[in-house]
Amino acid sequence: MGQNSKLKLGLYWAASCGGCEIAIVELREKILDLDAAADILFWPVALDFKYKDVEAMPDGHMDVCLFNGSIRTSENEHMAHLLRRKSKVLVAFGSCAHEGCIPGLANLFDRQTIFQRVYLETPSTDNAQGLLPQTSTQMPEGEVTIPRFYNTVKTLAQVVDVDYTVPGCPPQAPQIWAVIETILSGQLPPRGSVVGANEKTVCDECKHKREEKHIKKFYRPHEIIPDPDRCLFDQGIICAGPATRGCGALCPTVNMPCRGCYGPPPNVIDQGAALLSAVASVVDADTEEEAARIVGEIVDPVGTFYRFGLPASLLHRSRLADR
Amino acid sequence: MGDNNFEPKIVGFLCNWCTYTAADSAGVSRMEQPPNVDIIRVMCSGRIDPAFILKAFAEGADGVIVSGCHPPGDCHYSTGNFKTFRRMPLVEALLAQYGIEKERFHWGWISGAEAVKWAQLVRDFTAQVRALGPLNWKQQLASKED
């Protein structure tokens, strides 16, 4: 490796579900083209490399690192700094690295509350001694350490400089390939760009027939069988299309509402506020009481409007209790 | 910080046609009110993006006021304030989930003729936020982070 002109590529997952890795495999036979064009120097999910292999590289050794996952633990943050140092171009790949994604909803809680729930309260937990994770434990053989679990989930760009962002939960294979082709061509867009996504909203791409909205009642997807031809939002299903960067309108195409995973479109600073605004303003209520009743039926507003972007939003998280 | 010297910073988003006029009138009439409210005039309360409110809190406001024309009928644009009363209950719900006390956010209606009501709101709301102490959103997150 290194003696040829092939692109030196790294891929890493921090706090993520593995879906972004599946999305890479979803390139199917093109993964062979990727292998022909690039040397993969680091990809823990698929190839047997160790952290020490990365540490041994000279700084800036890798041309591109596709980093998926949010920053949940001290290990995630350590790897973010390490891969930043070893990569010429660092890409926040997928919604977790971009804006925190589903793991970021834990920002409505703190470490103590999460540990309490996960290790003590869940019905499937058998933990009679009430043990909680400790960053350091003394064993007969010596000290055992595990990474620290932070109070707050952060995006990649909140801990290191990021060159490009590829949104999506997960990014879609054709768009991933377009990004890889762009990298291979050497014609990189301006630093800081969002790549592999469209400039307009999901609504702009959606084929459903839109009319003027008058919403008397909001439905969750399991509460209604939608008319497949009409705008889902018109039918009272909260759809994040108006406040989400276009992915090709994949979910609405199969009659599921957009949930917002591609993040805000350009020039929107807070996706949740934009979606809240769009949703509330079409409520068909001419009195304060009726409006309050209709919007009051929306379960979990933060989880609905910030499903993928709480850590990247204006407030980042809920208030932390004094402990 | 919860000392007696704490002066709350309050951001007021007021519609041009009603509440701003009332605030102007309250000032011109020399009505007594504490100087804690920084007023941002917008053309209509329906123009107030919820992001304005969140940003105010994120950037250091201890309290936020949203006020426009009385519904139904008073709005200069007919139904701009309808948008306001449809959105603000959801903003309240968001703030509750974020752990921001409901006493830090006031939304309502004050017409151009209600300068007295505006001055009273400023006095009451400032006292209410002062009693809660500082919010210091960014600093409190940073100080408790690890």
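In this predicted model, Val64(B) touches Ile10(B), Val11(B), Ile53(B), Ala56(B), Phe57(B), Arg104(B) and Phe105(B), leaving aside residues up to four places away in sequence. Val64(B) also belongs to the largest nonpolar core, which has 125 residues. Val64(B) is among the members that touch the most other members, along with Tyr12(A), Cys65(A), Phe67(A), Val91(A), Phe57(B) and Trp118(B). Helix H3(B) gives this core its largest share, eight residues. On the side of chain A, at least three residues of the core come from each of domain 1 (7-102 + 153-185) and domain 3 (202-305). In soluble globular proteins, nonpolar side chains tend to be buried together.

The next topic is the contact between the chains. Here 30 residues of chain A are in contact with 27 residues of chain B. On the chain B side, helix H2 (50-58), helix H3 (80-98) and helix H5 (137-143) each supply at least two residues. H3(B) provides the largest share of that side, 11 residues. By type, the residues of chain B that touch chain A comprise 16 nonpolar, three polar and eight charged.

Chain A itself is assigned three stretches: domain 1 (7-102 + 153-185), domain 2 (109-150) and domain 3 (202-305). Taken over C-alpha atoms, the centres of domain 1 and domain 3 of chain A are 31 Å apart. How many residues of domain 1 of chain A are in contact with domain 3 of chain A? Seven residues of domain 1 are in contact with six residues of domain 3. The domain 1 side of this contact divides into two nonpolar, four polar and one charged.

Note on methods: Residues are numbered from 1 along each chain as its sequence is written. Chains are lettered from A and ligands numbered from 1 in the order in which they are written. This is a predicted model: local features need pLDDT of at least 70, side-chain atom pairs count only at pLDDT 80 or more; totals for chains, interfaces and linings use all residues. Two residues are in contact if their C-beta atoms, placed from the backbone, lie within 7 Å. Helices (H or I, at least four residues) and strands (E, at least two) are DSSP runs, numbered from the N terminus. Ala, Val, Leu, Ile, Met, Phe, Trp, Tyr, Cys and Pro count as nonpolar, Asp, Glu, Lys and Arg as charged, and the others, Gly among them, as polar. A nonpolar core is a set of buried Ala, Val, Leu, Ile, Met, Phe, Trp, Tyr and Cys residues joined through C-beta atoms within 7 Å. A residue is buried if 20 or more other C-beta atoms lie within 10 Å of its own, exposed if 12 or fewer, and partly exposed in between; C-beta atoms are placed from the backbone. Domain bounds come from an automatic or database domain assignment.
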